[in-house]
Amino acid sequence: MTIHATAVVDPQAEVHETVSVGAYSVIGPNVSIGPNTVIEAHAVISGYTSIGADNYIGSFSSLGTPPQDSHYQDEPTELIIGDGNRIREYVSIHRGTASGGGKTVIGNNNMLMAYCHVAHDCVLHDHVIMSNVATLGGHVEVGSYANLGGLVAVHQFCRIGAYTYVGGMSGISLDVPPYVILTGTRNRMRIAGVNKIGMRRNGMAREAINEVDQAFRIIFRSSPQVLVKEALAQATQEFPDSKEVRVLVDFFRESKRGVVKRTEDS
């Protein structure tokens with residue numbers, strides 16, 4: 001274990017012997033850090049925070065601090081971070097709230113660039129990219145392989161679907177469906193089409209991408225007279241064996257805030 005002489009690591013913290021802790025970092029008593037994780041200078045890790053293996057925690061990041069929630073009463077809530085994440089300088093991630101399930105969860109192999117913020121009770125799945133200053137309100141869920149551009153702001157309780165690309169400076173107030181490219185703010189949010197490049201880069205089969213594209217046309221390009229539930233039923237009927245289409249259809253059916261459906265030419 002390499003701990004700089006100026007770092008403060010509580011004796012009760014569980015820090016693997018292969019962890020590196022940089023100058024002036026502070027690690028609290030209820031923190032657990034797994035193998036081969038690097039903590040850079042001036043990072044603060046507090047609360048009931050569990051960090052897995054092979055993570056990189058950048059300088060001046062703040063992990064596991066209390067949620068910015070007026071109802072929070074210092075309950076022992078958690079922040080859980082998986083393996084292989086790259087959390088860059090000045091990133092802040094807050095632990096959960098008792099009323100929100102008690103956990104903020106970061107999966108595996110995610111990249112959170114400088115100054116990103118993840119609020120209480122959020123869930124990031126795997127291989128998510130959040131570019132500089134992207135911000136998630138509380139209770140947001142981000143699907144695997146989603147990519148959020150710089151300065152994107154997501155309203156609390158929204159969901160961002162898997163393989164979605166959200167353009168920089170967008171303001172998200174509704175659920176963003178899987179597999180799409182979206183830009184814009186609130187009532188000006190627009191879906192440009194299917195994120196074929198992102199899906200292909202991340203290993204999705206050509207046939208699956210084509211099925212998603214065709215289902216997209218059914219759901220998003222149908223005439224205004226076709227109800228959403230009718231379009232979802234048609235997509236399900238035409239691609240009954242497609243796991244990816246089922247994910248898209250279920251995303252609509254499970255939405256509580258409503259799903260962005262407006263396209264550039266609608």
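The largest nonpolar core has 69 residues, and Met130 and Leu136 have the most contacts inside it. Such a core is a set of buried Ala, Val, Leu, Ile, Met, Phe, Trp, Tyr and Cys residues joined through side-chain atoms within 4.5 Å. Buried means under 20% relative accessible area, with a 1.4 Å probe and protein chains only.

This is a predicted model: local features need pLDDT of at least 70, side-chain atom pairs count only at pLDDT 80 or more, and totals for chains, interfaces and linings use all residues. Residues are numbered from 1 along each chain as its sequence is written, and side-chain values use heavy atoms, leaving out hydrogens and water.

H2 supplies the largest share, eight residues.

The protein has four helices and 28 strands. These are DSSP runs numbered from the N terminus: helices (H or I) of at least four residues, strands (E) of at least two. The radius of gyration is 20 Å, close to the 18 Å that the globule rule gives for 266 residues, so the protein is as compact as a globular protein of that length. That radius is taken over C-alpha atoms, and the rule is 2.2 Å times the number of residues to the power 0.38. The C-alpha trace spans about 65 × 40 × 30 Å along its principal axes. Of the 266 residues, 48% count as buried.

Terms used
Buried means under 20% relative accessible area, exposed over 50%, partly exposed in between (1.4 Å probe, protein chains only).
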